[in-house]
Amino acid sequence: MTSERRQLIRRLFLSTSGFLGFSLLAFFCIVALCAPWLAPPPAGRDPYLMPVVEWSPNPQPPSSEYIFGVAGKRNIYYGVIWGTRSAFRVGITVTVISTMFGLLVGAVGGYFGKIVDEVLMRITDIFLAIPFLVAAVVMATILGPGLDNVIRALIFFSWMFPARLIRGNILQIKEEQYITAARSVGVNHVGIIVRHVLPNSIFPVLIQASMRMGSLVITAAALSFLGIGARENYADWGGLLNYARNWMLGGGGEVLRYWYMVVFPGAAMVLFVLAWNLVGDALRDVFDPRLKV
Amino acid sequence: MSVMDNYILQVHGLQVTFTDIERNEIHVVDGVSFSIKQGETLALVGESGCGKSVTSLALLRLLDGNGRIRGGNVLWQGRDILSLPLREVRSLRGREIAMVFQEPSSALNPVYTIGDQITESMLRHQKVSPAQAKKQAEEMLRLVGIPEPRKRLEEYPHALSGGMKQRAMIAMALSCRPRLLIADEPTTSLDVTIQAQILELIKELQKRFHMAILLITHDLGIVANMADRILIMYAGKVVEEGNKQDIFRRAAHPYTRGLLNSIPRMDQAKGTFASIPGTVPDPAHFPEGCRFHNRCGEFTETCLSEPGKIHLENEHFVLCHYPLGQKTLGCRAK
Amino acid sequence: MFFYIARRLLFLPLTLFGISLIIFFMFMRLSPEQRVALYITSPERLRGDNVERLIDLHGLRDPWHIQYGRWMGNVVRGNLGWSNVGKEPVYSAIMRRFPYTLELALYSALPIIWLGTWLGTLSALYHNRPLDHTLRISAVVGWSFPDFVFGFFVLMIFYSILGWFPPGTLGAEADAVVKSSQFRSFTGMVTIDSLLNGRLDVFIDTARRLAGPVLTLTYVGFAYILRIARSSMLEVLGREYIRTARSKGLEEKVVINKHARRNAMIPVATVSGQTIIALLGGTVIVETIFNRVGIGSFMATAAQQLDFASVIGGSLFFGVILVLGNLLVDVSYALIDPRVRLD
Amino acid sequence: MKNLALIVLVFFLITVAGVAFAEIPNPDTYVMLTIAEPDTLDPHQAYDVASGEVIQFVYDNLIAYDGQSLTDFVPWLAMEVPSLENELIMNEATTYIFPLREGVKFHNGNELTPEDVVYSFHRGILADPAAGPMWMLIEAIFGYYSLEDFVFDKTGISLNEALDPESQLINEEYRQPLIDFYQDYIQPAIQADGWDIVFHLSRPFGPFMSILARNSSWAVILDKDTSVEMGCWDGEADGWWEHYNLRKEDSPLYDQAVGTGPFRLIEWDRVQQRVTLERNDDFWGEKPWISTAILWEIEEWGTRRAMLEAGDADQIHTPQQYYEQVTDMPGISVELGDFVLVDSMQFLWEVGPGSPYLGSGQLDGNGIPPDFFSDIHVRRAFNYALDYDTLVEHALGNLVTRIPSVLPVGFLGWSEDQPRYEFDMEKAAEEFQMAWDGELWENGFTVSLFYNIGNERRQTTCEMLQENIESINPKFRVEVIGLQWPTFLDAYRNEHMPAFIIGWQADYADPHNFISTYLHSAGTFSAHWGEPFREFARENLDHLVEQAVMETDPSIRESLYREVQDIAYETAAFGLPLFQPRYIFTMRDWVQGWTFHSMRPGEVNLDQVWKEEN
């Protein structure tokens, strides 16, 4: 078992997408961890609020001083660096909490079945029947701007996906013999769920989580794009892109005049999401039992 | 070894490898040779993972994914299948050599009707109209003992029971009257009573169509019932070969002995190989020398070197340093 | 099957009730002042007790059960309320915008499904070869693109530089034609109606405006189908019945196109159905960028302006679409796959 | 693969075939891209720029502004502009007479009669929708702020309580008093005397003419017959209350408009968010050049700009911060102009209870006490601390006009010489040292400055103030917080924000509209600055403001307004006056005849523009 698992992990890192994905993630982790050194914040200020570096509202192209240029009186480089932390925060917080909650709902529903399951699944269905983006927009508007509120809104409307997955897995596993065995030996419910059911359905959940990580970061940015994301001037890629939105089509006669406003935060975001998607892809290739070829 | 005219299929030194994720080549089938005479039943026996299924697939070049044939030849009436153009191999498949697989519910395509799947191969290999093919298919279904064959033709596989599915599989395989039927564990997934029926059916049809059968199985009970000659495979190699009587009465290889000791009587449920300690080694890590040495009761230092093939009697060969219950009669084959 | 459909439909009112409660209580978190901001759009309207008067007029300070009861009472009478964002009753606001979203969703679904399936199959057939890697990477990259960034690229290239795909839903002239009395509306979808009316000019106008959004949605969306098609094809290719088919001597083309594809398409078909449903609710950003009329941008604006009646009405509408759409997908799943029985 | 190529090819051909090559596309159609569609087309409900933009071209007023002037008028539907000289203003400026033009036709062919004019004003006053514009006429003519107050004062009936949700009387005993109210007060105030329309004001009211002038949608003339037919109030005294305070969607005029103006309304397409107007060929005055005008809401700036660039639009709304993007666009000309809108930072002398924005709520460095700004030194210090020149030149690209008080440039009472606080960090520091008996300087403070999200100009101003103030003393902390409009409104109403920037756009071109809003104890803004301010205003300002509006002699009014402003300057009671933002008008260079008027709702004089290559 352990050698098999070790081999799986080796395969995970050796596959093209796994290697690319994990390297990108490692890179972003380093950037996030080293943010205070890469882009030192002004003393005494909240480092997540991008400081004003220029008074002119007009964007400035990259220069030796501001290597990614200036947008909205702020250093794009600073925003991209600190935005890495915001991206991790949104992605990880939402994924972890919603997965935990979904796990709970799914596990309880799947394991106990009958009425409990029926009620929980109906509630899940109701949440699923509200379009995700619209629901998130309403919730984020109601809670007001701020990354924490975005996170809350996203959690509130994304726990259903892991819940369903877990429930399905549990129903499948429940039939299997070792559960019956465990039950006959008299292990209690929680014990069965924690010891036997969860470990066996954890990989599909992990795969789904890493895939969702990417799309959550995009959704958070979409909220920013609709003007209800993080607070203004908060170091957040979605916010930077939202600011760039009104400059994307260029100025004067030049379409590409403000390219740097889109390219740097955009690239950061695409690469970040890409990293998670690649990791998810690799995870799936390795762990999805249906794909043993 | 002399080429005899009544051998329809001769396999020489077949080598099959698989590539794992780290791109290591793993020899799954290592120098397997055998031949089949017209009309006889040759049983290929071994535990799962010994390479017997791979061998059977390699014969028709049906290995998929990363399986590769690395050597040897497969002579079908004098022509080497392994070097024929794929187009010609395809025209052999189903027409001259047909296959029946272990798991009828997964070997039948769930989204096409039984009739569709049976006529498909007739339409491919014979000059018949769809209507004729359908009529023949119905006939075949009747032949394999499926009631209401006309109705069954229109049904999807999931509507049939396991035994019926396997009958349909057989009907499909025999629809072009092949000269060799490769049956890969044809009854493993079936209930014991059904098993017997299916085996009877195969025997009956064999007589009727005068075809040879390559029966792949791990079940020596079936072998005793069906086979004319037996090939014992272990870890990618043929370790013993001989006709039924020789093997059952004078098994020379410790592995064969082990198998025979675990043989269940026909009235019992499926047997196990519990009497042989350990499991079949992982193809990536076959032991040095005699591949059975780590499970063998007769193990000595000598066994760490490659054993030679020993001719015992008639067509009885064994691959062992210490063949059991025998004086070494023949010379060591090369 | 009948029982199954009936059971699912029976849950529809329950689901709608649940949705309305969720939305309602989300709005109840807001103060009456925040909710009245919908009507107070500028400081000039703040004079005197205007804010209180408006709160009274719309009953925003009533206890929650009265407010919910009032809303529910109207709904029961077939009145979903007034949409301040749509500037018309909620029901007609939704119904008049929905065909545009449906049109966009359908036209995007076609290339998404077609490309995704085709490339996914190709990718599976060339498993682990350079083509497979290229396709997968480009799909994952597409999937990693936020649609608003890509949408602006499209607008930049195809409108600002090339001048091909203008934003909007209909040009003023085409719009005049569509509104004229000679033009008969059959489906509400302008591309189809214009062809039925024989107005190629209108068709061209609206098709050009559809192209940008469709391109955007296709690029960011086809990856998902590709992924499903690829893995499903890979899975099927490893199945025994494929070996059976090969053992029968069938040509490889027949093996792939007949035996593998049909099986591989079953999950793809399900996911495609879900994709269309998701597209119906997920065109918000694209509609905003390309200034298209549609229910997505309508809902987003309504949500941002806290237009209670529009948000709750729209959510219920989506609820119906989603439930019926999923039901349709499940039923058709049972039709494609002979093994599946609904009960 | 072949299919794909074919599809792409067909698409390409269709696309290319569709691209227009004409030099000036649609020379008779003017496409204006806006950021809002009308709220309603009922002139008595409309109180926003987008609605006014349509209404001004469909309906007519009695008088109009003379060119760019804000104080001179020309006849419009009236044949003469009333003045003391021509004796059309009489009775110590409480009677105004407007002789009506004859032979004017409504878009549906009906003739304009004096009855229509009287009906229009009566209907508007009796309708008085919540948060609508009718308070202006009610204040001007009767001296009340709402019909509700007026009715209550005269009859003791509260309309709110007397009417059920369907606007029916709850109790029959209210019927007669309400009928009497109309007959006794409303009817006599506006009457027709032959073709003369006579207004009787309860007392002189300086801004009256401005309130009637063209561009004021609340004072346009409806066709009585058509309106009654559509289901509006029927002009009878009995039952007028059934049309009082309607929700805007319940007004029959919500999406229909039949006026006498230069354009007729073809369609308000609420799906495409587009209003289409067509030239009124029977217009009584100078007919417009263009035959069709399209006002089209396109929220996305990039899309608007791209459409202008492609020639699909003739003019677009341009937010100030994107000035750079349009300055050197080929084929585009840019005009500038100051609408009558002022931005200022307001200080609450006392923040309302329960505010979450005070930090510790004490002067301990981590917050402020609720009455932080009641100290004159704090207010002055803030005024001194804004580096105005840097703000205007570097941050706002000179796209604002500085105002010393809250009066827009050119208004009666406005003066170049009005004293104002100049940027002076030393004085700011001095004032801070004096504030709160030195406690403030000792302990420092943390204060939040607010703006509504989306307004970069206000945001930048807050940020610069933050920078300047924090540099005075390391213990001073300033936070800049943007709030969404609903939250902003909530915080404003509950008086939670200690300091915030908001703007005021003139309802009519008279100083009263600003001075009373900002400095009267009951002003729209100033009433919410806390009890200390209201007390201060009642003592020092109210009487001056009230006196000024009743005065008819402009020079006396001017000196009164000067006096008010001087007091406000001394005490820094305005808060922190900022600027009039400059608007950017971006159009294709083939647009001819475009002129600017600072009181015009919307950005284009559709009745005068035409399209022609230079």
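This is a predicted model: local features need pLDDT of at least 70, side-chain atom pairs count only at pLDDT 80 or more; totals for chains, interfaces and linings use all residues.
A salt bridge here is a side-chain nitrogen of Lys or Arg within 4 Å of a carboxyl oxygen of Asp or Glu.

**Chain C on its own**

- Chain C is built with 15 helices and 2 strands.
- Its C-alpha trace spans about 85 × 55 × 40 Å along the principal axes.
- Of the 343 residues in chain C, 62% count as buried.
- Take the contacts in chain C with a separation of 6 or more: 71% of them come from residues 24 or more positions apart.

**Who touches whom**

**A helix pair across C and D**

- Helix α7 of chain C (residues 147-161) packs with helix α10 of chain D (residues 301-309) at an angle of about 20°, the axes being 10 Å apart.
- Angles under 35 degrees count as roughly parallel, so α7(C) and α10(D) are roughly parallel to each other.
- The crossing of α7(C) and α10(D) is right-handed.
- On the α7(C) side the contact is made by C:L155, C:Y159 and C:S160, while α10(D) brings D:T303, D:A306, D:M307 and D:E309.
- Sorted by class, that contact of α7(C) with α10(D) has 4 nonpolar, 2 polar and 1 charged residues.

**A salt bridge between chains**

- C:K179 and D:E267 meet through their side chains in a salt bridge, at 3.1 Å from N to O.
- This pair crosses between chains: C:K179 belongs to helix α8 (residues 172-179) of chain C, and D:E267 to strand β8 (residues 263-269) of chain D.
- C:K179 is partly exposed, at 36% relative accessible area, and D:E267 also counts as partly exposed, at 23% relative accessibility.

**A salt bridge inside chain C**

- C:R246 is the buried one, since its relative accessible area is 14% and buried means under 20%.
- C:E252 has a relative accessible area of 28%, so C:E252 is partly exposed.

- D:R305 and D:E309 join side chains in a salt bridge, 3.5 Å from N to O.
- Why are these two about one helical turn apart? D:R305 and D:E309 are separated by that much because they lie 4 residues apart in helix α10 of chain D.
- D:R305 counts as buried, at 1% relative accessibility, whereas D:E309 is partly exposed, with a relative accessible area of 23%.
- Salt bridges with shared partners also tie C:R45, C:K87, D:D39, D:D48 and D:K248 into one network.
- D:E309 turns up in two places: it pairs with D:R305, and it is among the residues through which α10(D) contacts α7(C).

Notes. Residues are numbered from 1 along each chain as its sequence is written. Chains are lettered from A and ligands numbered from 1 in the order in which they are written. Side-chain values use heavy atoms; hydrogens and water are left out. Axes are lines fitted to C-alpha atoms, for helices over the stretch in contact, and angles run from 0 to 180 degrees between N-to-C directions. Angles under 35 degrees count as roughly parallel, over 145 as roughly antiparallel, 65 to 115 as roughly perpendicular and the rest as oblique. A crossing is left-handed if the near helix is turned anticlockwise from the far one by less than a right angle, and right-handed if clockwise. Contact means heavy atoms within 4.5 Å. Ala, Val, Leu, Ile, Met, Phe, Trp, Tyr, Cys and Pro count as nonpolar, Asp, Glu, Lys and Arg as charged, and the others, Gly among them, as polar. Buried means under 20% relative accessible area, exposed over 50%, partly exposed in between (1.4 Å probe, protein chains only).
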